[in-house]
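Subject: Handing over a structure

Dear colleague,

The notes after it go through what was found.

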Amino acid sequence: MREYAVHWHAQAPAKPVLGAPCNGCGLCCLAEPCPMGMLVSRRRLGACSALRWDEEGAHYRCGVLEDAKALAAAPGRWRRWRGRLWLRLARRWIAAGMGCDADLVEVR
């Protein structure tokens with residue numbers, strides 16, 4: 001078992017239990033990037049560079065998903081098609097909608 005510290009936003013929600021819906025705590029992405037995060041971050045360890053703090057919602061969001069959503073809604077048929085494809089791939093690679101899969105222990 002590895003033990004290391006991550007810099008977590010003070011207002012971030014507590015980590016949900018394993019299998020519970022994601023609440024944007026961000027702990028998983030702060031600990032290490034998912035397969036999509038490895039691709040965009042170009043790293044296998046440490047925080048994902050695509051992770052974004054949403055001040056208004058007081059939670060973390062995946063920048064890859066947020067950018068893909070914006071692209072899917074952009075004007076132009078080709079951009080929307082490409083955005084929808086990227087969004088679908090991103091959701092699959094980060095296991096969106098599958099529940100919390102971070103087997104991590106939160107210590108604040």
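Is Arg-42 buried or exposed? Arg-42 has a relative accessibility of 78%, so it counts as exposed, where buried means under 20% relative accessible area, exposed over 50% and partly exposed in between, with a 1.4 Å probe and protein chains only.

Before going further, please note that this is a predicted model, in which local features need pLDDT of at least 70 and side-chain atom pairs count only at pLDDT 80 or more, while totals for chains, interfaces and linings use all residues. Residues are numbered from 1 along each chain as its sequence is written, and side-chain values use heavy atoms, with hydrogens and water left out.

Arg-42 lies in the loop between H2 and S1, and its phi is positive, near 60°, although the residue is not a glycine. Helices (H or I, at least four residues) and strands (E, at least two) are DSSP runs, numbered from the N terminus. Ala-95, in the segment after H4, is also not a glycine and has a positive phi of about 60°; with a relative accessible area of 28%, Ala-95 is partly exposed.

Strand S1 (residues 51-54) pairs with strand S2 (residues 59-62) in the antiparallel sense over four bridges, and pairing requires that DSSP finds at least two bridges between two strands. His-59 in S2 is the bridge partner of Asp-54. The two strands form a hairpin with four residues between them, and in the turn Ala-58 has a positive phi of about 55°.

A search of the whole structure finds one aromatic pair, where rings of Phe, Tyr and Trp (its six-membered ring) pair if their centres lie within 6.5 Å, and planes under 30 degrees apart count as stacked, over 60 as edge-to-face and the rest as tilted. That pair is Trp-53 with Tyr-60, edge-to-face at 4.9 Å centre to centre and 70° between the planes. Trp-53 is partly exposed at 22% relative accessibility, whereas Tyr-60 is buried, with a relative accessible area of 10%.

Finally, the lining of the largest pocket divides into 26 nonpolar, six polar and six charged residues. Here Ala, Val, Leu, Ile, Met, Phe, Trp, Tyr, Cys and Pro count as nonpolar, Asp, Glu, Lys and Arg as charged, and the others, Gly among them, as polar.

With best wishes
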